[in-house]
Amino acid sequence: FHGNEVMMQLRSAGILETVKIRQCGYPWRLAHEDFWLRFKILLAKEDTGSTDVADGCRKVLQVAQFGEEHAQMGTTKVFLKESPYDRLEALRAEKLSGHATLVKAFGRMHHA
């Protein structure tokens, strides 16, 4: 193995960048599109319509009231620390549960 060649391969594969990000304490890295599709449910309906994906990601982070110490927006990814990610998942679960309750109520109303 030649040190320079190994370093070039690690750099081009994105391994070194990933290690640096993990060392900064951001274990969750989601592409903007994936983050948006998963967490846009946390926004009011009017905030999800004609929103650019990156802008939508920023709105979700604002609604969750995360500062830069909790989450960072990269060029193509959203970087989250463990606790803020868990909080987003909990908020998402609450929203989905609320929607499920509405669907059940609507179903009961039409079966009665």
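**Exercise 1. Describe how α3 and α4 pass each other, and find the residues that touch.**

*Solution.* Start with the handedness: in this predicted model, α3 passes α4 in a left-handed crossing. Next, list the residues that make the contact. From α3 they are His32, Glu33, Phe35, Trp36 and Phe39, and from α4 they are Val53, Ala54, Gly56, Cys57, Val60 and Leu61.

Finally, look at the geometry. The axes of α3 (residues 32-39) and α4 (residues 53-63) come within 9 Å and cross at roughly 50 degrees. That angle makes α3 oblique to α4.

**Exercise 2. Describe how α3 meets α5.**

*Solution.* Take the axes to begin with: those of α3 and α5 come within 10 Å, crossing at roughly 40 degrees. Then pick out the partners: Phe35, Arg38 and Phe39 in α3 meet Tyr85, Leu88, Glu89 and Arg92 in α5. Sorting the residues of this contact gives four nonpolar, no polar and three charged.

**Exercise 3. Which residues touch the most other members of the largest nonpolar core?**

*Solution.* The core has 16 residues, and those with the most contacts to other members are Phe35, Phe39, Val60, Leu61, Phe66, Leu80 and Leu88. Step back to see where the core comes from: α3, α4, β3 (77-80) and α5 (82-111) each give two or more residues to it. Then zoom in on valine 60. Leaving aside neighbours within four places in sequence, valine 60 is in contact with Phe35, Trp36, Phe39, Lys40, Leu42, Leu43 and Leu88.

**Exercise 4. How many of the 10 residues in helix α1 are buried?**

*Solution.* Go along α1 (residues 3-12) and count: the number of buried residues is zero, so this helix is hardly covered. Carry on past its end, and you reach glycine 14, which follows α1 and has a positive phi, near 85 degrees.

**Exercise 5. Is glutamine 65 buried or exposed?**

*Solution.* First locate glutamine 65: it lies in the loop between α4 and β2 (71-73). Its relative accessible area is 66%. Exposed means over 50%, so glutamine 65 is exposed. To finish, check the backbone: phi of glutamine 65 is near 60 degrees, a positive value in a residue other than glycine.

Technical notes:
Residues are numbered from 1 along each chain as its sequence is written. This is a predicted model: local features need pLDDT of at least 70, side-chain atom pairs count only at pLDDT 80 or more; totals for chains, interfaces and linings use all residues. Side-chain values use heavy atoms; hydrogens and water are left out. Axes are lines fitted to C-alpha atoms, for helices over the stretch in contact, and angles run from 0 to 180 degrees between N-to-C directions. Helices (H or I, at least four residues) and strands (E, at least two) are DSSP runs, numbered from the N terminus. Angles under 35 degrees count as roughly parallel, over 145 as roughly antiparallel, 65 to 115 as roughly perpendicular and the rest as oblique. A crossing is left-handed if the near helix is turned anticlockwise from the far one by less than a right angle, and right-handed if clockwise. Contact means heavy atoms within 4.5 Å. A nonpolar core is a set of buried Ala, Val, Leu, Ile, Met, Phe, Trp, Tyr and Cys residues joined through side-chain atoms within 4.5 Å. Buried means under 20% relative accessible area, exposed over 50%, partly exposed in between (1.4 Å probe, protein chains only). Ala, Val, Leu, Ile, Met, Phe, Trp, Tyr, Cys and Pro count as nonpolar, Asp, Glu, Lys and Arg as charged, and the others, Gly among them, as polar.
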